[in-house]
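The tour below moves from one selection to the next and says what is to be found at each stop.

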Amino acid sequence: MTVYGELVRLKSEVPSCYHQSYIQTGYRPINRSILTCIKSAFWPTNEMLNFWTHFISLILMVSRTVRIMINFENKFEVVKFPFYIHSFGTCYLLLVSSIAHLFCCYSERCCQRCFSVDQAAVVVYAICVLLGFDHLACPMSCYGIFSGVTRETYLTGIVILTVLHTSFSLFTLKSPHLAAWRTMPCILMTILIVLPCIIRYTNDTDDPKCFPLADKSFDQFAALCFLAQVFFIALGGIFFATYLPERFYPGTFDIVGQSHQLFHICVSLSMYFQSLLIENGLNKASEQPTVSRNNLSVTWACTVGVFSLVFVLTHTTVLLHDRTRPNIVKITKIT
Ligand SMILES: [Zn+2]
């Protein structure tokens, strides 16, 4: 066996739960030590770039957040909480995804647990994006179909949706008949997150009565950031769902260029533009007198409170699911 042959396996040589569509080789041997899993980040396997694409993004996002934070005069001002929460949610998802891809070869059980936590991290990330957008970019109460609904009511509905989404995703994993139902809370959440921004940035003017930070000119930079993040998340979704390009050339993109790596890159770029958009909103808020900032109604309960509640509920759901599911089923990569 060649040196490379000792490091990787064919698809037929690993358990079926590890099989990836249209990927023929480059699989890591399983039931390895933690140290071997870490070393495998430097082997040419089909998980190598899945790990690095998100781990490098994590380092860049942490350094960007720290660099911005250093310049804050008052780091604990409540208006900055949505920015912190969005940064944390982004970094958390990138970290969990990196760990899941790296340590999947430790054991089947470990892999299953990693990607279950990954599911919770996706939901936590979604609520962080929503809190960032709702407070600093495009509040639902201004632009959405629920205009007039209080932020508290809106966020209560969102918290219920996040728990439903996590529960549906995990507890119905074995049932192909429930696949459509599994996606419903996710689709609804996505609509609730992006709809206010679509309405705001596809109109030519901002209504100062609706969004207290908007001047009368159209915020072109924010609109471009929003469109860029939508573009990259949609492009990533296409790669994720269609398995392009390996679908047409099975075996050619096993190590470099497979759809999951392209999906990771698109997700990271989308996160970057989201962060720019929220930072832009925060900068606008910081330029305003305190009375205008107060109109944003950023409260501890609607930021840290909601985030903490969703974090605990989603991870508790993952824990309960882990205790009630003894069998290994096909491992589904979420991020
Ligand atoms: Zn992934």
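Two residues are taken to be in contact if their C-beta atoms, placed from the backbone, lie within 7 Å. Please keep in mind throughout that this is a predicted model.

Begin by selecting Tyr-201, which lies in helix α8, the helix of residues 179–202. Leaving aside residues up to four places away in sequence, Tyr-201 touches Ala-222, Ala-223 and Phe-226. Is Tyr-201 buried or exposed? Tyr-201 counts as buried because it has 23 C-beta neighbours inside 10 Å, where the cut-off for a buried residue is 20 or more.

Next, select His-101, His-260 and His-264, which the unreviewed UniProt entry lists under "binding site". These residues are spread over 164 residues of sequence, yet they cluster in space, with a largest C-alpha distance of 11.6 Å. His-101 belongs to helix α4, residues 81–103, and it counts as buried because 29 C-beta neighbours lie inside 10 Å. Around His-101, and again not counting residues up to four places away in sequence, the contacts are Glu-47, Asn-50 and Phe-51. His-260 is found in helix α10, residues 259–287, and is likewise buried, with 23 other C-beta atoms within 10 Å.

Now colour the ranges 49–70, 82–103, 115–133, 180–201, 221–241 and 298–320, to which UniProt, in an unreviewed entry, assigns the feature "transmembrane region". Within residues 49–70 the chain is 100% helix and 0% strand, and the C-alpha atoms at the ends are 31 Å apart. For residues 221–241 the chain is also 100% helix and 0% strand, with 30 Å between the end C-alpha atoms.

Finally, turn to helix α7, residues 151–171, whose 21 residues should span 30 Å at 1.5 Å a residue, a value that agrees with the 30 Å between its end C-alpha atoms. Which residues of α7 are buried? They are Leu-155, Ile-158, Leu-161, Thr-162, His-165, Thr-166, Ser-169 and Leu-170.

Terms used. Residues are numbered from 1 along each chain as its sequence is written. This is a predicted model: local features need pLDDT of at least 70, side-chain atom pairs count only at pLDDT 80 or more; totals for chains, interfaces and linings use all residues. UniProt positions are given in the numbering used here, feature names are shortened, and annotations may be inferred rather than shown by experiment. Helices (H or I, at least four residues) and strands (E, at least two) are DSSP runs, numbered from the N terminus. A residue is buried if 20 or more other C-beta atoms lie within 10 Å of its own, exposed if 12 or fewer, and partly exposed in between; C-beta atoms are placed from the backbone. The expected span of a helix is 1.5 Å times one less than its number of residues.
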